[in-house]
Amino acid sequence: MTQVFIKAPSSLTISSRIEERLHRGELTQAQVDDFRDFLAEVEREFLQHRIITDNTYTRWFREGKATDDELRYFIKQFSVFSNQFLIAALLKEINSPTLQQSRASREILLNELGVIYRKSGQVIGTPIAQTEEEKDREGDPELVSTEGTVDGGICRFRAAHFEWLLGVAEGLGLHYEDIGKRKHGSSTTLHFCDELIRLYGSEDPNIAEGASFAVENWAAAGFWQDLEDGLTEIKKTRHPQLHLAFFSWHNRVEGQHAGHTLLELEEVYFQPSFDQAKFMQGGREILDAIAVFWDGLNNDRETR
């Protein structure tokens with residue numbers, strides 16, 4: 001299954017793919033009009049959620065003024081979310097209603113665990129000349145790729161996303177045993193992790209679809225850029241040893257993931273089993289849980 005990357009749209013509108021299906025007679029004008037109204041509701045309820053449009057914590061973080069203690073606390077909490085996401089991703093794969101959706105879920109999970117995307121025709125191990133600075137900013141080409149498929153790719157321990165994050169942590173004096181476990185999470189971080197498992201990994205495909213759509217569009221909405229900007233400033237002014245590829249890679253790839261969720265929504269929306277209310281429920285509830293996570297970080301920053 002080849003990953004065909006699609007850029008996230010700036011707003012949710014009827015795509016050329018839907019227009020083509022209308023012209024071919026696969027969809028009626030009434031169906032397209034209903035879908036347009038549904039996309040407007042999704043944009044209103046999901047993309048205009050306050051944690052997407054007004055994230056107080058990441059707006060502060062992007063200034064690069066976090067103290068070392070604040071930075072370590074952030075990395076520790078983010079590592080818990082990042083590591084516990086694997087449970088939700090595995091459940092999403094297990095509960096996928098179709099083989100195609102199962103494979104799409106495995107693409108994400110296996111890449112998280114260290115299987116590198118391989119482009120069609122690419123020779124494994126082909127060297128690419130890069131400076132150490134370019135590797136840190138864009139990702140070591142031996143460990144990361146934003147194109148291709150895990151099918152036929154290779155697994156490297158160091159390509160696991162958690163190991164990239166460990167590289168950031170080690171630059172701040174944290175070690176493997178200090179991050180990623182539930183025991184390291186605050187109550188608000190663990191609430192988010194548990195909601196990811198319940199919603200993103202739901203046995204109900206409509207709940208899971210809504211949660212997945214909301215998560216990917218949250219990830220594409222700019223918080224990764226805020227984090228990269230803040231860490232870049234900190235690296236420039238205080239910690240030149242910081243490795244930032246974990247954040248810069250996610251910042252580059254998440255918009256493509258969001259584009260895929262729209263493609264997936266176009267495929268499931270017109271099926272008889274699609275439940276709009278449950279889709280909206282999954283998205284709203286996961287966005288509220290995301291807000292609990294970021295609000296928790298901000299409250300902890302203000303009260304520590």
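Lysine 236 and glutamate 233 sit three residues apart in helix α11 (residues 223-237), which puts about one helical turn between them; helices here are DSSP runs of H or I with at least four residues, numbered from the N terminus. Their side chains meet in a salt bridge (4.0 Å, N to O), a term that stands for a side-chain nitrogen of Lys or Arg within 4 Å of a carboxyl oxygen of Asp or Glu. Lysine 236 is exposed at 63% relative accessible area, while glutamate 233 is partly exposed at 29%. Buried means under 20%, exposed over 50%, and partly exposed in between (1.4 Å probe, protein chains only).

Please keep in mind that this is a predicted model, in which local features need pLDDT of at least 70 and side-chain atom pairs count only at pLDDT 80 or more, while totals for chains, interfaces and linings use all residues. Residues are numbered from 1 along each chain as its sequence is written, and side-chain values use heavy atoms, leaving out hydrogens and water.

Now look at glutamate 266, whose salt bridge with arginine 17 has its closest N and O atoms 2.7 Å apart. Glutamate 266 belongs to helix α12 (residues 245-269) and arginine 17 to helix α1 (residues 16-23), so this pair ties together parts that are 249 residues apart in sequence. Glutamate 266 is buried, at 2% relative accessible area, whereas arginine 17 is partly exposed at 27%.

Finally, turn to leucine 165 in helix α8 (residues 161-170). Leucine 165 is buried, with a relative accessible area of 0%. Leaving aside residues up to four places away in sequence, leucine 165 touches Ile75, Phe78, Ser79, Ser82, Phe246 and Phe247, where contact means heavy atoms within 4.5 Å.

Terms used:
Helix = DSSP H or I, 4+ residues; strand = E, 2+ residues; numbered from the N terminus.
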